[in-house]
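My entries follow the structure.

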Amino acid sequence: MTVGAEQGRVQGDDASAWRRWGPYLSERAWGTVREDYSADGDAWRYFPHDHARSRTYRWNEDGLAGLSDDGQRLCFALAFWNGVDPILKERAFGLTGPEGNHGEDVKEYWWFVDSTPTHSWMRWRYAYPQRAFPYEDLVRENARRTRHDPEYELLDTGVFAEDRYFDVTVDYAKASPDDICIRITVVNRGPEDAVLHVLPTLWFRDTWTWRPGTPVPTITATAAGALAATHPDLGSVVLAGDGTAEPLFCDNATNTGRLWGIPGSAYPKDGINDHVVDGAATVNSARTGTKAALHHVLAVPAGGSHEVRLRLSAAVAPDLAADWEGTMSARAAEADDFYAELTQGATADEAHLVRSAMAGMLWSKQYYAYDVHTWLAGDPGQPPPPAERRQGRNRRWQHLDAEAVVSMPDPWEYPWFAAWDLAFHCVTLAHVDPAFAKQQLAMVLGAGWMHPTGQVPAYEWDFGAVNPPVHAWAALHVFRTDGGTDLPWLRQVFERLIVNSTWWVARNDPEGDGTFSGGFLGMDNIGPFDRGAALPDGLVLEQADATGWMALSCASMLEIALVLSESDPALEDMALMFFDLFTLIADAAETSGLWSEDDGFFYDRITRPDGSGWPIEVRSMSGVVPIFATVTLREDLLARLPRLRARVTRFRAERGGDAGGGDHEAASGSGAALLALVEPGRLRRILRIVGSPGEMLAPHGVRALSAAYRNAPYVLHAGAENDTEIDYEPAESTNALFGGNSNWRGPVWLPVNFLLQQALRRYGRASGAQETVEYPTGSGEHATYSAIADDLSDRLTRLYLPDGHGRRPVWGGQERFASDASWRDALLFYEYFNGDDGAGLGASHQTGWTGLLANLVLERVRDRRSISP
């Protein structure tokens with residue numbers, strides 16, 4: 001088979017060179033933990049948006065449509081000015097966690113339209129209002145609203161009325177790894193002519209302030225009006241235009257005068273801003289500095305467009321005429337070919353969904369640096385941080401010294417890695433860039449990241465938080481998507497995951513009885529109280545989801561051990577160890593009280609020191625997680641591992657086909673059996689709740705909490721003054737429990753839905769057409785487990801597919817998104833979805849795990865191919 005041009009770059013020996021430049025510039029660096037040097041750990045307040053234009057960052061940079069080299073030494077991004085805003089638009093604006101009535105929330109509209117895995121071709125789009133951007137109105141109105149009110153969005157302000165906005169599209173096409181053609185297309189959607197200032201900006205990340213003795217790089221103007229950047233490591237890089245723009249120069253240095261009244265640089269970081277907006281003499285007439293821009297002033301007619309051409313290159317004098325158009329056309333066509341091959345057999349709408357999801361994921365690769373020891377101790381020559389920080393956030397993680405390009409959950413709302421999110425990212429990314437997916441998993445499990453005790457770092461707000469152990473499951477998926485041949489990589493992550501498993505057992509099952517705890521475990525407010533908080537009087541929370549997550553991890557580790565044992569039979573011992581741990585958990589599921597025989601569901605349980613206790617009878621995703629824990633046992637492998645085979649045979653005999661913690665026999669002729677934590681009888685009972693439209697089955701997936709609590713909240717009685725309750729909330733949470741803008745009390749979340757339909761496919765392959773359950777509950781119709789998985793996949797993908805009226809459920813009541821021809825096909829990937837109507841909620845660029853939609857489409861396409869004549 002002929003390998004396409006982009007696939008050749010992905011697989012080629014020079015793949016790392018092609019990846020050297022990419023969209024590694026964050027959408028937000030302000031308000032992050034890394035930039036917080038306060039005594040009280042209030043990251044939002046210490047470095048607010050108002051400081052961002054004037055204050056240098058310590059750890060990484062941000063910008064619009066940005067790219068940088070993979071060490072983020074040199075950055076490129078765009079700035080805009082409509083002539084009326086109080087500041088240049090250099091970065092996306094949004095509300096901080098305390099400002100938003102549902103937590104932090106970006107208040108801009110931009111799209112990651114397209115990208116190839118090597119970033120040889122990328123497209124980005126932004127809607128910039130022609131009226132003054134309503135900064136104060138957004139802050140004031142959202143502050144007035146409560147958690148019971150919807151968020152006040154940019155469209156609600158009326159700033160886009162009469163289509164008075166600039167529609168900006170930016171295309172990047174690499175002629176070679178270090179030669180990038182750039183096209184900026186500005187469309188005036190409004191009814192009148194309008195002027196837009198466009199400032200392509202080049203600057204160096206400040207490393208010299210924090211590291212004494214570091215040479216200061218420079219940017220200077222060439223005779224042709226280009227920007228020539230010189231760096232001791234990168235060498236020379238030139239940003240060239242058509243020569244009509246005015247070069248402006250300042251320094252990437254803090255404006256200490258504006259922020260603190262202390263004299264400082266005459267040409268500080270916001271010097272170009274102050275010069276363009278206010279006419280201030282804050283740009284360097286000597287045309288040199290560490291930050292520079294090419295200032296274009298574009299008069300764009302009503303309904304018309306204007307194009308700006310640039311070239312960022314290691315060449316001494318980049319030539320815009322040297323096959324610039326040919327490079328643009330070729331890379332765009334190669335991207336089309338790459339995604340056409342990936343989505344062969346998909347409908348046009350499905351292919352668009354896959355390509356959009358991949359674009360969002362690939363644009364969300366960000367340079368991430370965080371040396372916790374240095375962050376706590378302070379930099380040489382700088383004022384020492386407050387002593388209180390030594391007892392504050394992440395103090396137990398001083399070994400963590402991260403510097404890499406990392407897949408981020410959302411580059412504005414979550415511009416930092418999150419360990420369990422990352423596992424899901426890799427499962428999707430493996431379809432287009434398996435090498436990067438493998439590197440990401442190995443990285444987060446490696447030295448300098450994983451804690452010496454074996455804990456995987458959660459996320460920078462609290463590295464010590466406990467997240468679900470999904471990395472073994474993800475490693476299996478990535479390994480198989482990559483062809484199932486990279487055994488050295490699988491062995492590497494397996495060995496690291498053994499350390500993590502040991503930590504998980506010691507930390508979350510101190511009694512060693514196979515029943516696990518863990519805290520909130522990524523599902524923030526799914527319980528009637530904060531599951532991460534310590535309980536009084538020696539009470540302990542035993543969790544159905546923690547127990548199920550660990551069983552899934554054990555099942556995945558057992559499966560990895562079986563794969564590796566084909567070439568190394570000595571690993572039978574490791575397979576036995578994880579099988580024994582799996583059976584310990586299966587026994588606990590029988591005897592611990594997590595399972596309610598009366599209700600046919602798993603519940604969390606509070607236990608007293610004497611072993612007695614009571615269940616928290618809430619039908620939520622916590623009780624569904626045990627279904628995920630399945631492992632396929634190939635008979636040919638068991639035949640080569642006699643001790644494991646004997647153990648498995650005894651396990652089956654003791655439990656039988658319908659015993660707790662038992663297994664499904666294989667479908668005839670498959671040569672495999674399914675070992676599952678949840679045996680068939682219990683699975684059928686759980687599915688009566690999961691498959692009920694009045695409970696957990698939503699029009700677009702499975703809800704995180706049963707809708708039965710909509711009008712009848714569950715009340716946990718813990719004394720007259722301590723009663724707590726939980727009710728069904730299909731959209732944003734009205735409860736401040738655990739903070740943030742996430743809600744697990746009713747909405748649909750992709751990662752757990754994906755795992756559920758994956759597990760049901762395994763049950764289906766094991767039972768074939770022999771076993772059916774009523775689905776949906778109360779319908780009188782019956783379906784196999786495979787058919788239920790197909791239906792769940794369809795419900796989820798329909799979130800983003802046009803219905804009979806051309807409307808996508810994800811847009812909810814946002815009329816412009818739903819019906820405007822310029823907006824309706826530009827997809828945003830939300831963090832979670834309304835449990836009633838599917839409207840997108842939470843972070844709006846959370847392609848990370850919502851990108852799993854691409855997997856669902858690709859799985860269905862693969863199934864179609866397998867049955868086509």
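I worked from a predicted model, in which local features need pLDDT of at least 70, side-chain atom pairs count only at pLDDT 80 or more, and totals for chains, interfaces and linings use all residues. Residues are numbered from 1 along each chain as its sequence is written, and side-chain values use heavy atoms, with hydrogens and water left out.

Entry 1, backbone. I recall that most residues other than glycine have a negative phi, and that most peptide bonds are trans. I found a cis peptide bond between Y775 and P776, with omega about -10 degrees. P776 sits in the loop between β32 (772–774) and β33 (782–784); helices (H or I, at least four residues) and strands (E, at least two) are DSSP runs, numbered from the N terminus.

I then noted a positive phi near 60 degrees at H119, which is not glycine. H119 belongs to the loop between β6 (110–115) and β7 (121–129). Is H119 buried or exposed? I read a relative accessible area of 1%, hence buried (under 20% relative accessible area; exposed is over 50%, partly exposed in between; 1.4 Å probe, protein chains only).

D537 also has a positive phi, near 60 degrees, and lies in the loop between α14 (487–508) and β20 (540–542). D537 is exposed, at 71% relative accessibility.

I list P680, R682, L683, I686, L687, I689 and V690 as buried in α19 (residues 680–690). Viewed down the axis of α19, the buried residues lie within an arc of 165 degrees, so they line one face of the helix; the arc is that of the directions from the helix axis to the C-beta atoms. At the start of α19, a side-chain oxygen of E679 comes to within 2.6 Å of the backbone nitrogen of G681.

How values were computed
Polar contact = N/O pair within 3.5 Å; in protein donor to acceptor, adjacent residues only side chain to side chain.
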